[in-house]
Amino acid sequence: SGHAHRGLVQNTTPAPPAHVLQHQKNGAADGKVCPVAGAQAPAWQPGRSPVIVNEYGGLWLNRDGSPTVLTRDLYPRLLGPNATADQRRHLHALLLAADTEFFRAHRRFAGVMEFCALNYSRPDGATSDHWADHGVRNLEWDTEFYRYVRDAFAPVGLMVGFWDERATAGNTLRVPVTLINDLDKPWRGPVTLRVRSGKRVLAETKQQARIEPLGATNIAFDIAWPEQSGPCVLEAELRGADRGPVRSVRELELVDAKTLGLAFGKPVTASSRCAAEYRPENAV
């Protein structure tokens, strides 16, 4: 829960996360609602207390990869009852990284603080931290957490604006990518968007970009999905402040349009709708 520090900073926890309630990722693209966390982001207005978003994941795992008290019903819904600890760690890191990218990329907060660096891990615990299960005398980040969430907090980072869990094989799609720069000097360099299956690159495109100091910029790529169906990874990459690779990753399934029914993608009209996000074409 959020709490205000008198006149200094507002510390807020977005709730409830959509992936906790229903695992939906079809949020708005205007920067107000996170497609993963489903959180409403209050605007940071000049002259008011700056807002720091914290404790926003709601995805905790114990150090051994088992769910905590708060997430023991969540992971069976997301991955099924027979998921392994490694599968849970992987999904946890992917979703937490996407949450982090979203809140940073839309620049609506003065700061983003995921959780305590060192907390606890115990069978009756509601939360946990992200260390491997080696004890506090030998602290080592969980491998999946370090692989994905570290990039999400990179000083020069990026966010793939793609939130669907599937795409149609063979189609061409415009994919937006937001670039952010928390340094006090400009960044410039190539940005790559690729589709891969394992280590094999199925499609790749690249363009040059520049980000002003302490700023953000939006670019877009036209990417042709491969003809083959099956699981794949959509990945954007740049060289960050230390010239090392920084990535934003989405995992999805490529599907054959023929398997989706005759109505898939066809035009839809409606006499009315209750809100802008409930578009009639969502029906197909």
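This report covers helix packing, salt bridges and a nonpolar surface patch in a predicted model.

## Basis

The model is predicted: local features need pLDDT of at least 70, side-chain atom pairs count only at pLDDT 80 or more, and totals for chains, interfaces and linings use all residues. Residues are numbered from 1 along each chain as its sequence is written, and side-chain values use heavy atoms, with hydrogens and water left out.

## Helix 3 and helix 4

Helix 3 spans residues 85–105. Helix 4 covers 143–152. Helices are DSSP runs of H or I with at least four residues, strands are runs of E with at least two, and both are numbered from the N terminus. The two helix axes come within 8 Å and cross at roughly 10°. Helix 3 is therefore roughly parallel to helix 4 (angles under 35 degrees). Axes are lines fitted to C-alpha atoms over the stretch in contact, with angles running from 0 to 180 degrees between N-to-C directions.

Contact means heavy atoms within 4.5 Å. On helix 3, the contacting residues include Arg89, His92, Leu96 and Arg104. Their partners on helix 4 are Glu144, Phe145, Tyr148, Val149 and Ala152.

## Salt bridges

The structure holds 16 salt bridges (a side-chain nitrogen of Lys or Arg within 4 Å of a carboxyl oxygen of Asp or Glu). One of them joins Asp129 and Arg63, at 2.8 Å from N to O. Asp129 lies in the loop between strand 4 and helix 4, and Arg63 in the loop between strand 3 (51–54) and helix 2 (74–79), so the pair ties together parts that are 66 residues apart in sequence. Asp129 is buried at 2% relative accessible area. Arg63 is also buried, at 9%. Buried means under 20%, exposed over 50%, and partly exposed in between (1.4 Å probe, protein chains only).

Arg122 and Asp124 pair at 2.8 Å, N to O. Arg122 is partly exposed at 39%, while Asp124 is exposed at 54%. Glu281 bridges to Arg279, with the closest N and O atoms 3.4 Å apart. Glu281 is partly exposed at 41%. Arg279 is partly exposed at 41%. A network of salt bridges links Arg194, Arg196, Glu204, Glu235, Glu237 and Arg247.

## Nonpolar patch

Leu118, Val136 and Leu139 make a nonpolar surface patch of about 260 Å². Patch residues have over 30% relative accessible area and no salt bridge, with nonpolar side chains joined within 5 Å. Areas come from the Shrake-Rupley method with a 1.4 Å probe. Val136 sits in the loop between strand 4 (111–113) and helix 4. Val136 is exposed, at 54% relative accessibility.

Key:
Patch = residues over 30% accessible without salt bridge, like charges linked within 9 Å, V, L, I, M, F, W, Y side chains within 5 Å. Parallel < 35°, antiparallel > 145°, perpendicular 65-115°, else oblique.
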